[in-house]
Amino acid sequence: MHIERSTNDNDPFIAFNSLWLDNQVKFFYDNLEYTSPIIDHIGRYVFNKYIKSKEYKIYLTQLRQPHLSHTIFTTKFLFYIATCSSYFRLCLVQEAKNFYDYADDILQCFYEDYLEIVRVHSYTVASWSKDLLGCITKLIGVIVGCCWLAGEHQTQMKALFPTEKAAHDHFENLLHILSYEPLYKQIKPKCRNDEAILVSFILAYFLLIVQMRNMDWLSDLNATLRNTILSIIDATINDELAICCYAVLCEILTDEELKDLKISDSICNYFLQMLEGIWNKTEKKYEQVPITILLKGFQTLSKNDSMQQETAVSNKIYLLIEMCDEYPIVYDIIWAFSFNIDIQQQLRSNAPFMSKLIQLAKQSENEQMRKTIDGILWNLDINHENRPITDKQNTKVFDIMISYSHKEKALCKQIYDELIKAGYRVWIDFDQMHGNVMDAMAQAIEQSNTVIICMSEQ
C-alpha cells in the first residue's frame, strides 16, 4: 500500500521494489525451467493494484504526448509502466492459463493508448531516452504477450486490428522503430538489454501480424521489411534474434526468394539446432520462443527444395520422428520432407516408424491426421504405381474429375451441376473421403479423361 500512497514520486522504497521485481523477471527468464507459485500470486497483485489503477492510465496518457520531458520518468512512473508491465508479461509466459482473462482486460482497457504511443514515437527513435526506450519496450512486450495467448485463433489480434488498414499502419510504425540501426548494431550474443528485447518483441509481433491476414496488404512494406531483417541477421550473432528473423523471412518470402538469398543452409541449421536443444529440455522453449512457434516456421520451410535436401544431409530426421507424437504438426513437416528421395530412404529404413504410420492410417480418429499419414505413406510406397486401380482400369469411367477445396464447396457444386446437365460424367468428392485418401484420389484421376483443378486461396 505504501507505493500507491507515496507522495514522493522518487521514493527510494519504490526504487527498491522495482529492483526486486525486475531481478525476479530476469531470473525466471534466464531459468525458464523453474516455476514458482509466487509468480501467480504477485502477478495477480500487480495487475489488480497497479495495472488496473487510475495511475497506470494517467501515465499512459502522458506517454502519448510527442515531446516528453525527462522529468516525467520518475521512480513511481517507471515502476508502474516498466516494472509492472514487465512482471505481468512474465506471468503471461509462465502462468498463461491463469492470466488469459487478464490479457483480454488489458487489451480492452489500454489498446488505444498503446497504439497511439507507438504511433507518436515511432518516427523519433533517434531521440529516445533510455527511460522512454524501456517503457515502450515493456509496453510492446506485454501486448505481444497478450496476443500470443490466443494461439492460432488470434482473437486478441483481431480485436486489436479490426481492419487491414489498422494492422498495416501499426506494422509500418513498428517497422520504423526496427529500421533504426543502432537498436541492433551493438547487440551481443547473450545480451538482454532493452534494445535486444525490443527487437525480439517487434519480430514476434511481425510474426503474429503476417500470420493473421493475407500478405497482399503488406506489399508496399515488404522490401523494407526484408532488407531490415537481413541487416539484423548480418549485424547480430544473438541466436534468439536470428531465429526470430528467420521465422519472419519464412513467412514473407517465396521459395524462389529464399533460394536467391542463399541462406537456406543457415536457416535449416538454426532451426534444427534450436529444435534439438529444446527437445532435450524440460521447458520446451528456446530462450523465450516456444517450440510450437519454431515448428510452425519449420513447417513453412519444409516445402522448400533446398531445405529438404539440407535436412537430408544433416540426417536429423530422427529428431522429427521423436517429436511427432507430442507435436502433431511434425507429421505435416515429415509429409513435406517425404517428397525428397534421400529423406524417403531415411524414413523407410526406420521400421518402427513405418509400422506406426501404417497403424495410424488405419486407427486414427483425426481425419486430417489420416490424410497426412496417407500422404507420407504414398510418398514412401515404391509399389503404389503398380497397384491395380480397378477392374476397368483401361476404361475411363468419368469424363471429368473436379479437384477443389471444401471451403469452396458451394461454387464447385454449381460447376458440377452444370457439367452434369451438359451430359458429362463427373467425379467429385462432396463428402470428404475417408480411409486412404491418396489411393482414392489416384483412382479418380486414373478413371477420368480430364481433371479440372479449381484453384483458390484455400
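**Figure 1. Strand E3 pairs with strand E4 in a predicted model.** Strand E3 (residues 398-403) and E4 run parallel and are joined by three bridges. Two strands count as paired if DSSP finds at least two bridges between them. Strands (E, at least two residues) and helices (H or I, at least four) are DSSP runs, numbered from the N terminus. Ile 402 stands opposite Ile 428 in E4. Residues are numbered from 1 along each chain as its sequence is written. In this predicted model, local features need pLDDT of at least 70, side-chain atom pairs count only at pLDDT 80 or more, and totals for chains, interfaces and linings use all residues; side-chain values use heavy atoms, leaving out hydrogens and water.

Figure 2. Angles run from 0 to 180 degrees between N-to-C directions, and axes are lines fitted to C-alpha atoms, for helices over the stretch in contact.

**Figure 3. Helices H4 and H5 pack together.** Helix H4 (residues 54-63) meets helix H5 (residues 75-94) at an angle of about 95°. Their axes are 10 Å apart. H4 and H5 are therefore roughly perpendicular to each other (65 to 115 degrees). From H4, Glu 55, Tyr 56, Tyr 59, Leu 60, Gln 62 and Leu 63 take part. They meet Lys 76, Phe 77, Tyr 80, Ile 81 and Ser 85 in H5. Contact means heavy atoms within 4.5 Å. The contact residues divide into seven nonpolar, two polar and two charged. Ala, Val, Leu, Ile, Met, Phe, Trp, Tyr, Cys and Pro count as nonpolar, Asp, Glu, Lys and Arg as charged, and the others, Gly among them, as polar.

**Figure 4. The largest cavity and its lining.** One cavity of 30 Å³ or more is found in the whole structure. A cavity is a set of points, on a 1 Å grid over the protein atoms alone, where a 1.4 Å probe fits but cannot get out. The largest cavity holds about 70 Å³ of space, the volume being that filled by probe spheres set on the points. Lining residues, with an atom within 4 Å of a point, include Ile 51, Tyr 56, Leu 60, Ile 106 and Phe 110. H4, helix H6 (100-121) and helix H7 (130-148) each give two or more residues to the lining. By class, the lining has nine nonpolar, no polar and no charged residues.

Notes:
Angles under 35 degrees count as roughly parallel, over 145 as roughly antiparallel, 65 to 115 as roughly perpendicular and the rest as oblique. On a 1 Å grid over the protein atoms alone, a cavity is a set of points where a 1.4 Å probe fits but cannot get out, and a pocket is an open set with protein on both sides within 12 Å along at least five of seven lines; lining residues have an atom within 4 Å of a point.
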